[in-house]
Amino acid sequence: MRCPVTLPLVLVLSGWSLSAESSGPVFDPNPPSTLLPPGTDSLNLSVRTLEPAACGYSLGQALPLERMKPFERGQGTDRHETTIRGLDPDPARVNELYVRCSSAPDFVLHLRYRALPKVRPRFPRTGNLWGTRQIYGPDKPLEHAARIDLHLGASFKPDEIRRLRKLNPDVLILTSINTVENSNLPEDYYLHDTEGKRIEVWPNIYRLNLTKKYVAEFQARYAYEKMLKLDLMVDGCFFDNFFTSQSWLRKDIHGRPVELDADGDGKPDDPKWLDTAWREGVFHELRTWRRWMPHAIAVGHLPRPADAETKAIFNGDSIGFWTARVLEGERSFEEFWRIYHGWFETGRQPVVMMIESAPHNQIAYGYDYSPLKNVPPPTLEFARTYYPYVRFGLAFTLMNDGYFCHEFGDTWHGNDWWYEELNFDLGEPLGPARRVRDDAEVWRRDFSNGVVLLNGTRQPQRIQLGPSYRRLKGREAARHEYIVDDVGPAFSAPPPWREVVYDSGRWKSKGPFYHSWGKTSHQLDGSGPPAEWKLGIPEDDTYTIAAWWPAAPEMPTWSKRALFEVVSGGRLVASKVLDQSVAGDQWHEIGSAALRAAENPVVRLRNLGEGPIIADALWVRSSARYNDGSLAQQVTLAPMDGIVLERVQNSSSARYRPSSENFP
Ligand SMILES: [Ca+2]
Ligand SMILES: [Ca+2]
């Protein structure tokens, strides 16, 4: 989990005093330069002086002491307090405050304060993590970036942030740091193994040693100063990798086993000691930062579920990994639900949550740390446009007040991916999510302009709605879209077909990269009966069907003439000969055909050439559209799917964002 761009570390200790240590004749301002709660126009400020003195302040420019407003309390002592009035609460304006004292009238203490915005974006709320350079650039004006409501780890310049706030007054913009990693630091800041080596955890990124208090304090100051250097125009900080333990780290990025030696005695650390000291370190880092930034928004990649201590510091979590894990059966829907909704119940206010929805895990984590270079382009497009995954993430997010993004995954964040549901203005929620069925995870949430339904079960669910709703007007997604894999009763391949696994694994730092779809493929080495997939279409329609095989090292020896036949009611309705010796790890279209559910259509695979053939997965799409604008008196949701519906009202045009605005 990290920013794809390593920012060069420039540590400039500026005139701001960060601690009680004196760094000038006027010091220890409380609060120091910081963000203030929304609407703040006055502030209690205290400062200290080395000698007894009289102090004054001015706003906007550094006036001479005699023209400043005197402090209200402590004149003639070394502790001074006053109430600053007349602060501008405009979130686009930084209040410049200057303090002088009679003990050293030429010295000026410059403090900066900015009130946070009070935001209430409409729904769906959209987010982006680390993607500024993907959503804003030479061919993408700021208006394009402004459709995002929550920018985590943004890299906009202060002036761009001011303009963004004008374009989208409900926007939140956070910078980011990595809680436990940083570059260009002295060697003793880094974690080492028993051989004295640093631990590489991402290409050219090394873990810090958070058991050392000064490392934690350095990181806290780094986050604070990063916000100050951005003119205080960001609303908070995203803390990546807020790891509250570390003994689990047993291998580096290349799979080399490591024995951690955080205490530097040359022996493997006691895991209990390490985790306790580590936890104290990361919490010390965040609490130190919070002392200077008590009102800023803090979001992170956090432990899940988060404990009370974490929720006391952070406003929310940006939850990656989970949508695909739940869709692929690795985690339960109920657990995901508790993690997400739990933050709204007990997180620090205001709660700011994001769901990082993402495509299949085998794509997101199957092509190393630079997937853009290694994913076959058609597979990347499939990752962007496999709409059932998008809808699950979106509908799940909309069951509470979080922000949604659909992005490649943890190896590549912030993609400029946009979906037609995001163009529809759902308005305001009319209440919390509620169950459609008492006995199953089927949910709905009503909004002023529509309703969102979510099926968290592994079965289709039919939901009655009455005459008040219709499907959105769109064209992106197929009404029916699913994958039939070579597992389960829909697939048959009698001997001598055999089950095989071609998989280079996940999170590998080096290729080659290749993946059976799901867990396995089936292989026929010589001659034999055809393999067969039952398509199980839910409705009569024209369907487009594509086949996958892995790009295994053996692929060049596979058959150049694999015959795929679509058979419905005993008739051959489409067929294609495909060359399986090339272009694996992507979908190959077999053809389109009008199919009738009652005729139980199937796809058969036979070998017309030399070498083995591979039966793996089929990707099936209907020509009917998901969002076809039709009335939705009832809706049947596929397993683990969701939908956004429009409330039928007299005037509706204003609720769709014009598409020219989205893709300038
Ligand atoms: Ca040790
Ligand atoms: Ca498979």
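How do the residues of the lining of the largest pocket divide into nonpolar, polar and charged? They comprise 22 nonpolar, twelve polar and 15 charged residues; here Ala, Val, Leu, Ile, Met, Phe, Trp, Tyr, Cys and Pro count as nonpolar, Asp, Glu, Lys and Arg as charged, and the others, Gly among them, as polar.

The model is predicted: local features need pLDDT of at least 70 and side-chain atom pairs count only at pLDDT 80 or more, while totals for chains, interfaces and linings use all residues. Residues are numbered from 1 along each chain as its sequence is written, chains are lettered from A and ligands numbered from 1 in the order in which they are written, and side-chain values use heavy atoms, with hydrogens and water left out.

**The largest pocket**

A pocket is an open set of points on a 1 Å grid over the protein atoms alone, with protein on both sides within 12 Å along at least five of seven lines; a cavity is a set where a 1.4 Å probe fits but cannot get out, and lining residues have an atom within 4 Å of a point. The largest pocket has 49 lining residues, and Y386, E481, Y482, I483 and P639 lie nearest its centre. Domain 2 (426-477 + 627-664) and domain 3 (481-622) both contribute to this lining, so the pocket lies between them. The domain bounds come from an automatic or database domain assignment.

**Pocket and cavities compared**

Volumes are the space filled by probe spheres set on the points, which are joined across faces, edges and corners.

| Space | Volume | Lining |
|---|---|---|
| Largest pocket | about 1,500 Å³ | 22 nonpolar, twelve polar, 15 charged residues |
| Largest cavity | about 120 Å³ | nine nonpolar, six polar, two charged residues |
| Second largest cavity | about 50 Å³ | three nonpolar, three polar, three charged residues |

There are three cavities of 30 Å³ or more in the structure. In the largest cavity, G127, I148, C405, N415 and W417 are the closest to the centre among 17 lining residues. The lining of the second largest cavity includes G320, F321 and H413.

**Helix 4**

Helices (H or I, at least four residues) and strands (E, at least two) are DSSP runs, numbered from the N terminus. Twelve of the 17 residues of helix 4 are buried, that is, under 20% relative accessible area with a 1.4 Å probe and protein chains only. Among them are F218, Y222 and M227. After helix 4 comes D231, with a positive phi near 65°.

Definitions and conventions. Buried means under 20% relative accessible area, exposed over 50%, partly exposed in between (1.4 Å probe, protein chains only).
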